[in-house]
Amino acid sequence: MKCSIPKGTRDFLPAEMARRNYIFDTIREVFKTFAFEPIETPSLENLSTLMGKYGEEGDKLLFKVLNSGNFMENVDFSQDYHKVAPKICERGLRYDLTVPFARFVVQHRDQLTLPFRRYQLQPVWRADRPQKGRYREFYQCDADMIGSTSLLNELELVQMIDAVFAKLDVAVTVKINNRNVLAGLADHIGAPDKLVDITVAIDKLDKIGLDNVRAELSERGLTNEQISALDPVFALSGSANEKLEQLAALFANNEMGTKGVNELKELFGYIDLVKPKCQVELDLTLARGLNYYTGAIFEVKAQGVSIGSICGGGRYDNLTGIFGMPDISGVGISFGADRIYDVLTELDKFPANLGQPARALFINFGSESLPYAISCAAKLRGENISTLIYPDNAKMKKQMDYANKCHVPFVFFVGENEIAAQTLTVKNMATGEQCTVTINEVVALLKA
């Protein structure tokens, strides 16, 4: 039988895991700096928790898990699939980490102190068509604040984005918009009931172009006049503040649109104060397709690569309300670790020594020298220095070849002379130089 894995999933070799952990550790370090606390939720959620939270397209991408036992008994399969599915599938793999987090907050409300700040690094699954940068199983690295409407929270998300990508040495552009602005636009063109259709269509602008967006808007029921009324928005130019002033005039008699503009003005005012290293811009075509966003929305793209969004998020004012806990506002960001991996690979930004499993390797000369090698290796490990002892008394060439293939920088030899003098002979594998040192000098060398 030929070994294989499902399309859209991957195995990760040790060198790849070292790179992935570098990304996870960098993101986790920044989350902790901003006082976020870790949680985890199950891979499986009840479908009633997931369905209807991601829009029509999102529901189609949910991996649904068949019930156990005789789940097909008394099911009429002549019915429409959407009527049959709930009877044979009661659970599904999580689509993202945000909806499960909302469920988590409601379920554990008595154990949490609001406002609550959580971070979560776990895999999610989507029944999508696999392609470059798009997988069926992938990790998300989320941070959310819930229980506060302050725009200082949005500012901190921008600061965390800035900190993460500064540490990863990747230049990024942070695009910001506000769903209230989009709602104001829908109202302005006389199509308030078409907000979801408008946001889903214009969210594809970068991928399919303006003409195709217009065509999709027409297919979704907007008139030519309504579609044309959006053109001035697509044509806005100038700085963020200049665009917002133009929008403010457009929304003079539009309460929802004015609310969105005012929130953006306040947020960009905060951003100007902290002067992030990353590029931050107002993008009025940014929509973020998920239906639960209600305020500020974010998307991050790496400069100099053709990979799509590597980070995104936004404000959701009542996501917990669907689980019986209304009027709890939250805002969050999600870093796409897999796409960030692809960006760092394409830009050659991973540190050179990430694939190095050990700093030191002891050559195995047999039973007489092994006790001394074991005690020295234990000393190095006690100093948090990754250390190997070659397990077999094999030929020297085989052991040295192993050290080279594993990229071990220092190899140690212990024979009769070293044991008698309580020293070690060390070889620098990069330079070929050898010298005899004490164990304390070895610790200093490997920690340098």
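# Cores, a covered helix and ring pairs

Visitor: What covers the buried residues of H8?
Guide: This is a predicted model. In it, the cover over the buried residues of H8 includes helix H3 (55-60), helix H7 (179-188), helix H9 (205-208), helix H10 (210-219) and helix H12 (231-234).

Visitor: How many of the eight residues of H8 are buried?
Guide: Six, so the helix, which spans residues 195-202, counts as mostly covered, given that buried means under 20% relative accessible area.

Visitor: Which residues is Arg-220 in contact with, leaving aside neighbours within four places in sequence?
Guide: Two of them belong to that buried set in H8, Asp-197 and Val-200. Arg-220 is also in contact with Glu-57 and Lys-194.

Visitor: Where is Arg-220 placed?
Guide: Arg-220 sits in the loop between H10 and helix H11 (224-228).

Visitor: And is Arg-220 exposed, partly exposed or buried?
Guide: Partly exposed, because its relative accessibility is 24%.

Visitor: Switching to the nonpolar core. How many residues are in the largest one, and which have the most contacts inside it?
Guide: The largest nonpolar core has 95 residues, and Phe-31, Phe-165 and Phe-335 have the most contacts inside it.

Visitor: Which helix gives the most to this core?
Guide: Helix H6 (residues 152-167), with seven residues. There is also a second, separate core of 18 residues, and Ile-385, Val-414, Val-437 and Val-443 are among them.

Visitor: How many aromatic pairs does the count come to?
Guide: The count comes to 13 aromatic pairs. One of them is Phe-362 with Phe-412, which is stacked, at 5.2 Å centre to centre and 25 degrees between the planes.

Visitor: What parts does that pair tie together?
Guide: Phe-362 lies in strand E12 (residues 360-362) and Phe-412 in strand E14 (residues 410-413), so the pair ties together parts that are 50 residues apart in sequence.

Visitor: Phe-362 and Phe-412, buried or exposed?
Guide: Phe-362 counts as buried because its relative accessibility is 0%. Phe-412 is buried too, also at 0%.

Visitor: What about the rings of Phe-365 and Phe-413?
Guide: Their centres are 6.4 Å apart and their planes are at 40 degrees, so that pair is tilted. Phe-365 is in the loop between E12 and helix H16 (370-382), while Phe-413 is in strand E14, 48 residues apart.

Visitor: Which of these counts as partly exposed, and which as buried?
Guide: Phe-365 is partly exposed, at 39% relative accessibility. Phe-413 is buried, with a relative accessible area of 12%.

Visitor: Which ring faces does Arg-118 or Arg-126 lie over?
Guide: Arg-118 lies over the face of Phe-101, at 4.3 Å from the ring centre. Arg-126 lies over the face of Tyr-95, at 3.9 Å from the ring centre.

Visitor: Last one. Where is Ser-148 found?
Guide: In the loop between strand E6 (137-146) and H6.

Visitor: What does the side chain of Ser-148 join with in a polar contact?
Guide: The side chain of Asn-153, at 3.0 Å. Leaving aside neighbours within four places in sequence, Ser-148 is in contact with Pro-115, Asn-153, Arg-315 and Ser-329.

Notes
Residues are numbered from 1 along each chain as its sequence is written. This is a predicted model: local features need pLDDT of at least 70, side-chain atom pairs count only at pLDDT 80 or more; totals for chains, interfaces and linings use all residues. Side-chain values use heavy atoms; hydrogens and water are left out. A nonpolar core is a set of buried Ala, Val, Leu, Ile, Met, Phe, Trp, Tyr and Cys residues joined through side-chain atoms within 4.5 Å. Buried means under 20% relative accessible area, exposed over 50%, partly exposed in between (1.4 Å probe, protein chains only). Helices (H or I, at least four residues) and strands (E, at least two) are DSSP runs, numbered from the N terminus. Contact means heavy atoms within 4.5 Å. Rings of Phe, Tyr and Trp (its six-membered ring) pair if their centres lie within 6.5 Å; planes under 30 degrees apart count as stacked, over 60 as edge-to-face and the rest as tilted. A charge sits over a ring if NZ of Lys or CZ of Arg is within 6 Å of the ring centre and within 35 degrees of the ring normal. A polar contact is a pair of N or O atoms within 3.5 Å; within protein, one must be able to donate a hydrogen and the other to accept it, and residues adjacent in sequence count only if both atoms are side-chain atoms.
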